[in-house]
Each structure stands twice: as C-alpha cells, then as structure tokens.
Amino acid sequence: MNVALVKTGDGRAVSDLFTSAEGRLPGSPAVAAVRRQAFETYERLGLPHRRIEEWKYTDLRALVGEVLPLAAAPGAAALSRAAEAVKAHAFAGAGKLVLVDGVFAADLSDVKALASEIGFTTLRETLEKQSGDLLATASTDAMISLNAAMATDGVVVSIADGAQLSAPIQIIHVATAASASAFTRSQLRIGKGVRATIIESFVAAGAAAYQVNDAVLVTIGDNADVAHIRLMDDAPDAVNITSEIVTVGANTKLNFFNMTTGGAVSRLQGFITLAGEGSELAVNGVNLLKKTEHGDTTLVVDHALPHCTSREIFRAVIDDRAHSVFQGRIIVRPDAQKTDGKMMTRALLLSDEAEADNKPELEIFADDVSCGHGATAGALDDSLLFYLRARGLPEKDAQALLIQAFVGEAIEQIADDDLREHVIGIAERWLERRS
C-alpha cells in the first residue's frame, strides 16, 4: 500500500506564512536554522486539538482554525493609537516597556529611566548579535514551537543581584493591526536577593480579530521576592496564547497572578519549576468571561527539591455562553520530600449555558509530602441575592457585590496596595460592561 501524507489547509497556510515572513524575522543564519527547526516541529504537530490531553478543552483547530498573517511593522498612525492605549492602561509610577504589533516601541517606553536599575535590550538586537539560544526549545508544545519560529521581537531584561526596584516594570503589548498575528518572546533574568514587581498587560488600540502568541522565559535567583502580575484585556474577538516558563531558585518567594477579561479565545499556560529548596510559590488567577468567550488557564508546578510550598487559588466568573477552563498539575519529584502543595479552583456560573471545566491533578513520587486539591462550580446564592435586593439594591448591583466577594480571595493575594486596587478597578469595569 502506498501512503501519502497530505497537509490540511491550515498546514499549507502556515507554511506559506513562514516562508513569506522569513525575510522579516531577525537573526543570523544560525538563528534562521533554529527557527526552521522549530517550525518543522510545529508543522509536524499542527494546531493543538482535543485529542491532545493538555488541549482537550481548548481545541484550537475548531476555535481558531488558522494562523493569521504576520502583522506589519507599526507606522506613525499605529504608534499614535498605541500611545493613547498605553496612557489608558499604564500603572501609575511603573517603568514602561511597550511592544506594538510585536515590535518594541522605544519612543513609548521608559528605557532611559529604567537604565539605572535594570539591564535591557530587545529580542531583535539579541538575535542579530548572538546565537538563537533564546529561541531554542526542547518543548513538544506546538504553540511554543510556532512562537520560536515566528518571534519578531520582545524584551530581554536582567536585574542584578541584590537590586531593590523602586517601582514596578510594566510590559505593555498593544495590538493595532486587524486580522494579523503578533509573535513576541521575552526573557526576564532576576538575580539573587532581588525585590521586584513585573506587570504584563495585553490591550487593543482599535484592532479587531487579531492573534497574539507570546512566550516569556523567567529565571529567578535565590533569596528573591518577586511579584509577577499578568492582565489580559484584549479585544472581544482576539486570540491570545501565552506561554510562561519559570525557574525559581532557593528560599525565594514568587507571587504570580493572572486576570483575563477579554479575548474570544485565550490560554495562559504556565510551567513553573521550583528548582531550589525552601521556596514559596503563590499562583492566583481570575477569569471574567461573557458572551461566547473561551478562557483557559493551564498550570504545571514542578516541585524538584525539598521543603517547598505552593498555593494555587483560581476563580472563574462565567456569563452567557462563555467557557472557562482550569487545568492544574502539581508534580512532586522523588527528591522533593517535605513538599506542601495545595490548589483550589471555583467557578461561578451566571447563566444556564455557561460552562466550566476544572481538572486538578497530582503526580507524587515522594512519600513525605502534604498535597491536596479541590474544585467546585455553582451559581450565585439566592438567599444572599434576596438579602441584598430586600435592602433596595437592583439585581445587577447585588450580583456585582457578590461577584466581587467571590473573586476577592484571589485578588487579595496581591501584596502591593496600589496594584491590588488597580486590578480591582479592572474587575469593576468588567462588571459595569456586563450591566
């Protein structure tokens, strides 16, 4: 029997996309070889679909269908719209690093102000001067491989040992190009004993139906204290796939928070390795979804060494026909004795057609550990709604109060008071739009 391999229409489209974009992708011939290898991995795998366990609930072949053409470099008009979006979404006092349609925008960024506290360059500059190490990946994940093949730019930040940052760093991704894709890859190297807050924001400036594929590589040294806040508020018809690969040193505290309030399809997949003893990890998240939005949070926390603690608190508020997914896996390696790992996910369904899929998992290969997980889904408490409405509150206002209390446990894990209020404000604006 003769067997012929036939690509799907999507495979042909992506192959043409890569071929046409190669001339615009930065890097030496050695970098181009790394890109080609990564693309071959993606081409072999294709868009993830429901037969792949990790993507069972987020079938990109059905939800997305195809990868859009690479966005053009932003012109003056696009940068002007991006500047307005940055003003609207910037956190007061933070040092800004802005990416517009996948390209670093120096004029919108605070590079000079940050120069005294961090080392900074762009992915484009790094790839043009050095090898393709930042793109090299052993991952078999199709979207990470596609990102390595197509990444146009990103930020490369290094924070020296012992640094105490005076203000947060905010990386703002702005989309201005409609019906186009942006591929970004960034690296954060955080030294020993550092105290820092990193904020990532994804916003739109007049763009619609665009796609974002972002990857962030984070390494944190020993005895550090880091807060990493991610806020995804893309256009209602956008697609956002973000991959975070994090390695945490010994005796370090990492507080990671994610909030999703926009995007037709979004997925945050985080791979966090506790590679030093005595570290503490807090991962908290909130999905606020309506209409037909699909929000997926997939986390893998790998306890590689002893005496580490991890806590995961996730909340989803789902209205109309929206769909929220939480997949959390805690892995405890044989040497990771005295591990303490817990995760809890709760979903609040505001309509009969809303859907929540929660899949917590434990993989334990050590015998002296304390691990647990839980998952719940339900509706608003009718007795509490009646209590509030009996005191004169309209139904929507009463629901808003209960929703704020529901997501509050996750948001309250943000230590910085001003940043916590900033995140609460985003949640309140979502509730206002719902009303």
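A: The structure holds 4 cavities of 30 Å³ or more. A cavity here is a set of points on a 1 Å grid over the protein atoms alone where a 1.4 Å probe fits but cannot get out, and lining residues have an atom within 4 Å of a point. Grid points are joined across faces, edges and corners, and a volume is the space filled by probe spheres set on the points. Keep in mind that this is a predicted model: local features need pLDDT of at least 70, side-chain atom pairs count only at pLDDT 80 or more, and totals for chains, interfaces and linings use all residues. Residues are numbered from 1 along each chain as its sequence is written, and side-chain values use heavy atoms, with hydrogens and water left out.

The largest cavity comes in at about 140 Å³. It has 18 lining residues, with D101, V174, A175, A182 and V212 nearest its centre. By type, the lining splits into 11 nonpolar, 5 polar and 2 charged (Ala, Val, Leu, Ile, Met, Phe, Trp, Tyr, Cys and Pro count as nonpolar, Asp, Glu, Lys and Arg as charged, the others, Gly among them, as polar).

As for β8 (residues 211-220), 9 of its 10 residues are buried, meaning under 20% relative accessible area with a 1.4 Å probe, protein chains only.

How values were computed: Buried means under 20% relative accessible area, exposed over 50%, partly exposed in between (1.4 Å probe, protein chains only). Helices (H or I, at least four residues) and strands (E, at least two) are DSSP runs, numbered from the N terminus. On a 1 Å grid over the protein atoms alone, a cavity is a set of points where a 1.4 Å probe fits but cannot get out, and a pocket is an open set with protein on both sides within 12 Å along at least five of seven lines; lining residues have an atom within 4 Å of a point.
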